[in-house]
Amino acid sequence: MSGFEKHGIDHLSASSINLWANAPDVWVMQYLFKKRTPMGAAAWRGICIEDAVVSTLMGESETDSIKAALEKFDKRFLIADEKTTKERSVIEPTVQLALEELVEFGKPEFPADSEHPQEKISITAKGDGWSIPVIGYLDLVFPQHGTVVDLKTTNRVPSKMSAEHQLQRCIYAAAKGNMAVKFLYVSAKKANWLEDGDVAETLGRAKAQITRLEKFLSVLDKDAAKAVVPVNPNSFYWSGSEELRKEFYGI
Amino acid sequence: MFAIDTGSDGVSGPFFQWSARGSLDGQVSARTFYIRDGSQKTTFDAETKPIILDIEGMKTGWQKSEGIAGVAPEWRWNASVNQMMPQPSEDFKKGFSIRVAIGGGEAALWEQAGAGVWQCLTDLAPKLAQQPAKGMLPVVKLVDVKNMQFKGGSTAAPVLEIVKWVETPDCLKEGAAAGIATDPAPAPQPAPQPAPAVAPAALDDVEF
């Protein structure tokens, strides 16, 4: 029995692998104890923007799509503070800028008869005595252009993709064969297309991390994992979840 | 009971308040709610007497108080509870105004600013967003008191829990229109057009 099977883990994802590498304490809490850190305003803003972009590309009016996105955001953050207000304020201009970049691609395609509105992809990581699917969901697929687009909304558009995003892109690229996989970074003021990261090299590094994860899981039960994993209270990943961390780890 | 109280911006009382440290006059203990009506303060046991929050008439904003008895605090209200204006200056604190039903057909105004009560409201907000229908209001009770530590001091925040949702009681209907209504209607989800699914055989065919 592999470490993954021992803990009932039947798949990984780019975010799971990145979390394991960057914040194993958060990973243990989320994936072994099923305690999720709450989604913050920035992440929710991204979801709302993506909804509005997809909706508009599929034929809804831009105005109605933005209105729906704002309503969705307001529903989640019923009582605003300065942070949520700032995130809310970028929804409309970011949607507009993203659409300017994407309009030339036409309508994206989405899977039919699926509970999940996005196309699922999966590749398999295999090691000594174990294998595990690594899955992902594609934001926008334009088969007629041979292009997959992942929309990243941000308050600061990067000139180079982070290692975490490179892994996500490389998983998609490996799964989608000869399609181009591009990440569109959009803020309220700027957009930038990036496709960094060598697929083989990046997946090789990811496999090394997955191998370590499998070994970690194979030698420890979940309570032991919780007891020995280093806890980093200063990690960005705990931001907004400090109380949860104290409750779970006592640190 | 509904006397004009010049101690709070001229709006009508009675007033529902949280006291983190107790009142200097000794009428109110620390870490309790109380009702202020004129100069009379009465402890309110929100653990055993749930209250109804008029979330549809709720307002949020910034309050500046000189802390002088008889001098009304200055409020700057947000245009909507969904948007918080920038802090007017450092001496303004985040706060809110909400009418509450306190039992016996009576209503009171909970208008207060400060870290403890703001934390109380924002902790409750995700649950408030689950309002089942317009006109339904949450019945809440005090379940805990949370200590909050800052660089320059500390306070205690009430922790409220929704017991159930009820129709707006008569005592809250009168003033409901005075506030800024929230829109409880669920946001429509973008619905992508169906397109050919990925064939299952296409999955798991790449290994690394």
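Analyst: Two strands are said to pair if DSSP finds at least two bridges between them. Helices (H or I, at least four residues) and strands (E, at least two) are themselves DSSP runs, numbered from the N terminus. Residues are numbered from 1 along each chain as its sequence is written, while chains are lettered from A and ligands numbered from 1 in the order in which they are written. This is a predicted model, in which local features need pLDDT of at least 70 and side-chain atom pairs count only at pLDDT 80 or more, whereas totals for chains, interfaces and linings use all residues.

User: Which residue of β9(B) is the bridge partner of I51(B)?

Analyst: Strand β4 (residues 51-53) of chain B also runs antiparallel to β9(B), with 2 bridges joining them. The bridge partner of I51(B) in β9(B) is V140(B).

User: What pattern does chain B follow along the sequence?

Analyst: Chain B comprises 2 helices and 10 strands. Read along the sequence, these elements give the pattern β-β-β-β-β-β-β-β-α-β-β-α.

User: Is K176(A) buried or exposed?

Analyst: K176(A) is found in the loop between α8 (163-175) and β6 (180-186) of chain A. A residue is buried if 20 or more other C-beta atoms lie within 10 Å of its own, exposed if 12 or fewer, and partly exposed in between, with C-beta atoms placed from the backbone. Because K176(A) has 21 C-beta neighbours inside 10 Å, K176(A) counts as buried.

User: Which residues does K176(A) touch, not counting residues up to four places away in sequence?

Analyst: Two residues are in contact if their C-beta atoms, placed from the backbone, lie within 7 Å. Leaving aside residues up to four places away in sequence, K176(A) touches I121(A), V148(A) and V181(A).

User: How many of the 9 residues of helix α3 of chain A are buried?

Analyst: The buried residues of α3(A) are P24(A), D25(A), V26(A), W27(A), V28(A), M29(A) and Y31(A). They pack against α2 (14-22), α10 (222-228) and α11 (242-249) of chain A. Helix α3 (residues 24-32) of chain A is largely enclosed by the rest of the structure because its buried residues number 7 of the 9.

User: Within what arc do the buried residues of α7(A) fall?

Analyst: In α7(A), the buried residues are I91(A), T94(A), V95(A), L97(A), A98(A) and L102(A). The arc is that of the directions from the helix axis to the C-beta atoms. Seen down the axis of α7(A), the buried residues line one face of the helix, because they fall within an arc of 170°.

User: How far apart do the C-alpha centres of domain 1 and domain 2 of chain A lie?

Analyst: Domain bounds come from an automatic or database domain assignment, which gives domain 1 (41-105) and domain 2 (111-223) of chain A. The C-alpha centres of these two domains of chain A are separated by 23 Å.

User: How many nonpolar residues does the side of domain 1 of chain A that touches domain 2 of chain A have?

Analyst: The contact takes 13 residues from domain 1 of chain A and 13 residues from domain 2 of chain A. On the domain 1 side, the largest share, 6 residues, comes from α7(A). Ala, Val, Leu, Ile, Met, Phe, Trp, Tyr, Cys and Pro count as nonpolar, Asp, Glu, Lys and Arg as charged, and the others, Gly among them, as polar. By class, the side of domain 1 of chain A that touches domain 2 of chain A has 3 charged and 2 polar residues, and its nonpolar residues number 8.
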